[in-house]
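The stops below are meant to be selected in order.

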Amino acid sequence: MPGLNRPVSRWRDEIRRIEDLGFSSVSVSDHFTGGWAMDPLVAMTVAAEATTHLRVLGMVFCNDFRHPVLLHKSMANLDVFSGGRVEIGLGAGWMRADHDAAGLPFDPPGVRVDRLTEAIEVITGLFGADPVDFAGKHYRITGLDGLPKPVQRPRPPLLVGGGSRRVLELAGRTADIIGINPRLAPDVDPLSAVAEMSPERMDRKVDWARAAAVAGGRAPPRPAG
């Protein structure tokens, strides 16, 4: 999406131009710092209202910023109001500056991925037909019926994005769309991140995700040869 550094009427015109050019979806990031002004939930809503068939996507929502019950409620509502044009992107979070500025703990990667894993289970369950009971280390849900039920069934497409093996394997097990990134962390040298986008390393990341999908019965094995 264009940034919120122009007149709102022009912002809407630029969103419509993205649709007119034939793109299927438009995405928005989720940050607090670095001059980032847009709230992704609001921006996705306005973009959906400004267009007729363009899909809207958070790319990606930082799981630590919102309880999964609240994110589900927002996405379910927007899916209904937009006529089924929502995609949900989720990640474990990587920009420590955002957490520090908001006074949120920046837990070790393993903890953040554990929390993301639980959040995906909660959100997926709330899009289902039955009330959800969930007892995890990070979230507890009791008899909650996820309303409204979405236009897209069984739920809006889920994108899980990340660069580590564990996140990509989680994406392979749970996501409809996989966002493959370099490993992003405060201690990662930018040149190392660029090197991770080489064809060989990208192939390895794809293989991690695909193997997890195959193991979970969600994809056929890659043909031999």
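The tour goes through a helix pair and then several salt bridges.

This is a predicted model, in which local features need pLDDT of at least 70 and side-chain atom pairs count only at pLDDT 80 or more, while totals for chains, interfaces and linings use all residues. Residues are numbered from 1 along each chain as its sequence is written, and side-chain values use heavy atoms, with hydrogens and water left out.

Select helix 2 (residues 40-50) and helix 3 (residues 68-81): their axes come within 11 Å and cross at roughly 5 degrees. Axes are lines fitted to C-alpha atoms over the stretch in contact, with angles from 0 to 180 degrees between N-to-C directions; helices are DSSP runs (H or I, at least four residues) and strands likewise (E, at least two), numbered from the N terminus. The two helices are therefore roughly parallel (angles under 35 degrees).

Show side chains next. Leu41, Met44, Thr45 and Ala48 of helix 2 meet Leu71, Ser74, Met75 and Leu78 of helix 3 (contact: heavy atoms within 4.5 Å).

Move to Asp13 and Arg16, which form a salt bridge with the closest N and O atoms 3.1 Å apart (a side-chain nitrogen of Lys or Arg within 4 Å of a carboxyl oxygen of Asp or Glu). Both residues sit in helix 1 (residues 8-20), three residues apart, about one helical turn.

Now pick Asp176 and Arg155, a salt bridge at 2.5 Å, N to O. Asp176 lies in the loop between helix 6 (165-174) and strand 8 (177-180), and Arg155 in the loop between strand 6 (140-144) and strand 7 (158-162), so the pair ties together parts 21 residues apart in sequence.

Finish at Arg6, Arg10 and Glu14, linked in a network of salt bridges.

Key:
Angles under 35 degrees count as roughly parallel, over 145 as roughly antiparallel, 65 to 115 as roughly perpendicular and the rest as oblique.
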